[in-house]
Amino acid sequence: MGGYYDELETRDAGARAEWLAEALPAAIGRAKTAPALARMLRDVDPAAIRDRASLAALPVIRKAELTEAQKKNPPFGGFATRLASEFDHIFQSPGPIYEPGRRDGDWWRLGRFLHACGVGRGDIVQNCFAYHLTPAGMMFESGARAVDAAVLPAGTGQTELQVRAAVDIGSTVYAGTPDFLKVILERADDQGEKLAFRCAAVAGGALFPSLREQYEARGITTRQCYATADLGNIAYESEAMDGMIVDEGAIVEIVRPGTGDPVEDGEVGEVVVTTLNPDYPLVRFATGDLSAVLPGTSPCGRTNMRIKGWMGRADQTTKIKGMFVRPEQVASFVARHPEITRARVIAEREGDMDAMIVQVESPREANGEYASSVGETLKLRGRIEVVPPGSLPNDGLVIEDRRKYD
C-alpha cells in the first residue's frame with residue numbers, strides 16, 4: 001500500500017510539459033468526435049493545443065449549457081463520444097442531469113485518492129455513498145477495486161444496519177460524506193459496539209476541522225477528495241495534509257469568475273477542468289467552485305499542481321433592484337477598460353431600497369465613462385468607487401451581497 005500509486009505522481013516539470021504537449025492534442029482530437037464539442041471546437045486545430053496557454057483560448061463549458069444540451073439531445077447532450085447504450089451505467093443527478101459511467105479500469109480515477117489514503121488489499125471499504133441513481137457509490141466502488149480492496153455497498157441511511165455490518169464484517173475503511181461517519185460512530189457507541197475503522201475517505205460535504213479532530217481522536221485518519229459526477233476525481237489530500245493535489249487525469253485552471261481567463265497563481269478564482277477521459281471528454285468545464293493554486297509542490301513528493309480546496313461558489317448571481325447581476329456582466333464591464341485590474345459589485349440596503357456600489361481597481365479616478373459602462377453592462381445604475389490596484393480582497397468574489405433583512 002505504501003509509496004506512490006504510479007510514476008506519474010513524481011514527474012518533474014519538464015516531463016509534465018512533454019506529456020501535456022502530447023496528451024492535449026489527443027484529448028482535443030477525441031473531443032471533436034462528440035457532436036456538441038465538434039460544434040464548439042469547429043475551428044480548433046487539435047495540434048495547436050499543446051499547453052495551458054493554448055488551452056486557455058478555448059471556450060468554457062458551463063453546467064447550464066450541458067443541462068440545456070441534454071434537454072434538446074438526451075441523455076448526454078452530444079458531449080459523449082459513445083452512444084448511451086455503449087456505456088455500462090447511466091446516472092441521474094439532481095437537475096436532472098445525466099452522467100455516463102463504465103466498469104473498465106478506474107473510470108473516475110478514485111483509486112489514486114484511496115491509495116493516498118493508505119487503502120489497499122486486505123481492507124474492507126464500507127461504501128456509504130449513494131448507489132441509487134447518482135454515481136457516487138459506483139465512483140468509490142470503482143476506486144476501491146482499483147486498489148484491490150473489498151467493498152460493502154452500504155449506501156446511505158439505515159444506521160443501525162450499518163453498525164451491525166461494520167462489526168460483523170470488520171470494515172476497516174469508511175467512504176462517504178464527512179458527517180455521516182459521526183452518525184454511525186455515535187450509534188455504535190449507543191449500542192456498546194467498537195468499530196474497526198482506521199481510515200475515512202470522504203467527499204461531498206464540508207469536512208470541518210473539529211470533525212476531523214474527533215475522528216483522529218478515535219484513531220481514524222480522515223482525508224478528503226474533490227470529485228464531481230461529471231469529471232471524476234479532480235484533486236485529493238495526501239499524507240502531507242498541505243492543500244489538495246490535482247489528479248493526474250485532470251488538467252485544472254483557475255479563472256476569473258464569469259470568464260475563461262486564468263488568474264495569477266495564488267489568486268482565488270473558479271475551478272475549470274479538462275479531463276482526459278476518451279468516453280466523456282469535457283474540455284474546460286466550469287465547476288462553479290472557487291479555489292486557488294498553492295505555490296510549490298507537496299511535501300509528500302507528489303509534484304502535480306496543488307489547490308487550496310473548496311473556497312466557495314463562483315456563481316454569485318444576485319438580484320439587485322429586481323434585476324439579476326451575473327459575474328459575466330462584471331467581466332464584460334472590466335473588459336471595456338484595460339486599466340481596470342479587478343472589479344467588485346456590492347449590493348447594500350439604503351433605507352428600504354437596494355443600492356449598488358461598483359468598486360474598481362484602477363489608477364484613474366472615477367469618471368462618467370465608468371458609470372456609463374456600468375449602466376450598459378449591468379443594466380443598473382450604481383455608485384462607482386475607485387480603489388488602489390491590489391486592494392480588493394483575494395476571495396474570488398466579484399458580486400458581494402451585504403444586505404441584511406432582519
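Visitor: What covers the buried residues of α10?
Guide: This is a predicted model, to start with. The cover over the buried residues of α10 includes the strands β16 (323-325), β17 (343-350), β18 (353-361) and β20 (399-401), along with α11.
Visitor: And which residues of α10 are buried?
Guide: P327, Q329, V330, A331, F333 and V334.
Visitor: You mentioned α11. How do the axes of α10 and α11 cross?
Guide: Helix α10 spans residues 327-335 and helix α11 spans 368-378; their axes come within 9 Å and cross at roughly 145°. The crossing is right-handed.
Visitor: Which residues make that contact?
Guide: From α10, the contact uses Q329, V330, S332 and F333. On the α11 side there are Y370, S373, V374, T377 and L378.
Visitor: How do they divide into nonpolar, polar and charged?
Guide: Five are nonpolar, four are polar and none is charged.
Visitor: OK, on to the strands. How many bridges join β17 to β18?
Guide: Eight, and the two strands run antiparallel. They form a hairpin with two residues between them, and G351 in the turn has a positive phi of about 70°.
Visitor: What about β17 and β20, parallel or antiparallel?
Guide: β17 and β20 run parallel, joined by three bridges.
Visitor: Which residues stand opposite I346?
Guide: In β18, I346 faces I357. In β20, the residue opposite I346 is E400.
Visitor: New topic: what's the order of strands in the open sheet?
Guide: The order is β10-β11-β12, three strands with antiparallel pairing. β10 (250-255) and β12 (285-291) are the edge strands, each pairing on one side only. From one strand to the next, the twist averages 30°.
Visitor: Over how many bridges do β11 and β12 pair?
Guide: Four; β11 covers residues 269-275. As an example, E270 has L290 in β12 as its bridge partner.
Visitor: What sits in the loop between β11 and β12?
Guide: R284 is in that loop. Its phi is near 55°, a positive value in a residue other than glycine.
Visitor: Is R284 buried or exposed?
Guide: R284 counts as buried, because its relative accessibility is 1%.
Visitor: Now R306. Where does R306 lie?
Guide: R306 lies in strand β14, residues 306-307. R306 has 5% relative accessibility, so it counts as buried.
Visitor: What does R306 touch?
Guide: Leaving out residues up to four places away in sequence, the contacts of R306 include D242, M244 and I245, and also the residues A292, V293, L294 and P295. A polar atom of the R306 side chain lies 2.6 Å from the backbone oxygen of P295.
Visitor: Last one: where are the cis peptide bonds?
Guide: One joins P74 and P75, with omega about 0°. P75 is in the loop between α4 (63-72) and β1 (89-93). Another joins G95 and P96, where omega is about -5°. P96 is found in the loop between β1 and β2 (97-101).

Definitions and conventions:
Residues numbered from 1 in each chain as written. Predicted model: local features only at pLDDT ≥ 70, side-chain atom pairs only at ≥ 80, totals over all residues. Heavy atoms only, no water. Buried < 20%, exposed > 50% of the residue type's maximum accessible area, 1.4 Å probe, protein only. Polar contact = N/O pair within 3.5 Å; in protein donor to acceptor, adjacent residues only side chain to side chain. Contact = heavy atoms within 4.5 Å. Axes fitted to C-alpha atoms, helices over the stretch in contact; angles between N-to-C directions. Left-handed = near helix turned anticlockwise from the far one by under 90°. Nonpolar A, V, L, I, M, F, W, Y, C, P; charged D, E, K, R; others polar. Pairing = 2+ DSSP bridges.
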